[in-house]
Amino acid sequence: MPHGYHESTYTFAMPSYVLFTIASLIWGSTFWAITLQLGDVPPAVSVVYRFALASSTLFAWCLLRGDRLRLPWRVQRWTLLQGFFTFGLSYVCTYNAEQFVVSALVAVLFALMVFWTPICARLAFGTPIAHRTWGAGVAAIAGVSLLFWHSIESALHDISQGGQGHFILGLVLGIGASIASSAGSIVVGKVREQSNNLMLTTGWSMFWGTCMVAIWCLATGQEFIIPRAPSYVLGLLHLSIFGSVVAFICYFTLINRIGSNKAVYIGVITPVISVLLSIKLEHYRPGPVEWLGMAVCLGSVAWALRAPAAKPVLHSETEVQLNNPIETP
């Protein structure tokens with residue numbers, strides 16, 4: 001057993017269904033909570049604030065349980081890469097996307113990670129993709145097309161009239177965010193080959209992502225504004241502590257108890273909660289076509305998750321992570 005692994009970290013007294021509910025509710029609310037961060041503070045700066053607080057919390061947690069924070073370079077090089085994809089590129093794209101696209105729709109795009117992840121694994125490691133996964137992926141794309149059809153049509157009309165069509169930019173950023181998260185979930189496998197201390201390696205990944213985004217902000221002249229609005233501060237605490245720490249602990253505990261193939265269904269529940277919150281709090285009003293698109297997309301995701309796992313090609317622990325693609329805002 002690798003140094004730094006603590007079984008007690010992932011074994012809570014709470015029943016599994018309670019942990020599943022907590023993680024689903026928290027992650028389902030994070031997409032809307034991001035909207036509280038938009039406004040006076042540049043999106044990338046908000047990402048820095050969020051993960052600086054989250055990584056500090058994880059480091060403090062590790063110190064309290066007696067862990068050494070130092071990691072060898074063979075591990076750090078992978079946490080750095082994970083930080084770039086998962087806590088840097090993905091979240092910068094997500095925060096910017098939600099300036100132009102309602103949060104619920106961005107949440108649905110993240111459900112497509114179920115398909116992006118095996119594609120990334122195929123490109124990186126040659127892992128085969130089941131035919132059922134391809135079929136479900138085609139259905140999901142059809143569902144997303146229906147979901148965004150009217151909005152894309154309106155954006156194209158806006159462009160033809162001399163407008164900027166910001167919705168399409170937001171859609172591209174949202175898709176890019178989900179692909180970056182999928183790439184990050186593949187890198188997690190390389191991290192796990194070197195260390196099973198998930199709290200510590202996640203803390204380092206968040207730290208590196210924070211540093212890279214901060215450098216980007218400084219290089220592009222983005223101002224580090226001190227937020228004063230209570231809604232911003234409350235949203236920051238929710239995203240940093242609950243969305244980035246508590247939910248992950250619940251999720252890792254579920255994986256340890258019931259396996260990733262079942263725990264990953266949180267990725268189907270999360271967009272449903274996000275849609276309901278957007279209807280209530282953002283006045284999102286999906287029509288029949290949008291409801292049909294969401295149903296087709298999420299149904300195809302659930303179908304793909306029920307598919308039998310592909311036989312691994314690599315003789316390493318990397319493939320274990322391919323059944324665990326969920327990375328959420």
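This is a predicted model: local features need pLDDT of at least 70, side-chain atom pairs count only at pLDDT 80 or more; totals for chains, interfaces and linings use all residues.

Me: How many helices and strands does the chain have?

Reply: The chain has twelve helices and zero strands, where helices (H or I, at least four residues) and strands (E, at least two) are DSSP runs numbered from the N terminus. In order from the N terminus, the elements read α-α-α-α-α-α-α-α-α-α-α-α.

Me: What makes helix α4 count as mostly covered?

Reply: Nine of the nine residues of α4, which spans residues 103-111, are buried, a term that means under 20% relative accessible area, with exposed being over 50% and partly exposed in between (1.4 Å probe, protein chains only). Among these buried residues are Ser 103, Leu 105, Val 108 and Phe 110. For the whole chain of 329 residues, 50% count as buried.

Me: Why is the contact between Asp 67 and Arg 65 called a salt bridge?

Reply: The term requires a side-chain nitrogen of Lys or Arg within 4 Å of a carboxyl oxygen of Asp or Glu, and the side chains of Asp 67 and Arg 65 meet at 2.4 Å, N to O, so the pair qualifies. Asp 67 has a relative accessible area of 9% and is therefore buried, whereas Arg 65, at 21%, counts as partly exposed.

Me: How many salt bridges does the whole structure hold, and which residue partners Glu 193?

Reply: A search of the whole structure finds two salt bridges. Glu 193 forms one with Lys 190, the closest N and O atoms being 3.6 Å apart. These two residues are three apart in helix α7 (residues 166-194), which means that about one helical turn separates them. Glu 193 has a relative accessible area of 27% and is therefore partly exposed.

Me: What makes a set of residues a nonpolar core, and which members of the largest one touch the most others?

Reply: A nonpolar core is a set of buried Ala, Val, Leu, Ile, Met, Phe, Trp, Tyr and Cys residues joined through side-chain atoms within 4.5 Å. The largest has 43 residues, of which Trp 27, Val 47, Phe 51, Met 199 and Val 213 touch the most other members. Two or more residues come from each of α1 (16-35), α2 (43-64), α3 (73-97), α8 (198-219) and α9 (230-258), and α9 gives the most, with eleven. Another core, of 35 residues, lies apart from it and includes Phe 31, Phe 115, Ala 155 and Met 294.

Me: How do you know that Ser 55 is buried, and what is it in contact with?

Reply: Ser 55 lies in helix α2, and its relative accessibility is 3%, so it counts as buried. Leaving aside neighbours within four places in sequence, Ser 55 is in contact (heavy atoms within 4.5 Å) with Gly 203, Met 206 and Phe 207.

Me: Why is the pair of Phe 148 and Phe 167 called tilted?

Reply: Rings of Phe, Tyr and Trp (its six-membered ring) pair if their centres lie within 6.5 Å, with planes under 30 degrees apart counting as stacked, over 60 as edge-to-face and the rest as tilted. The search finds 13 aromatic pairs. The centres of Phe 148 and Phe 167 are 5.8 Å apart and their planes stand at 50°, so this pair is tilted. It links distant parts of the chain, since Phe 148 is in helix α6 (residues 131-160) and Phe 167 in helix α7, 19 residues apart.

Me: What makes the pair of Trp 204 and Phe 207 edge-to-face?

Reply: The ring centres of Trp 204 and Phe 207 are 5.5 Å apart and the planes stand at 85°, so the pair is edge-to-face. Trp 204, at 16% relative accessibility, counts as buried, whereas Phe 207, at 30%, is partly exposed.

Technical notes. Residues are numbered from 1 along each chain as its sequence is written. Side-chain values use heavy atoms; hydrogens and water are left out.
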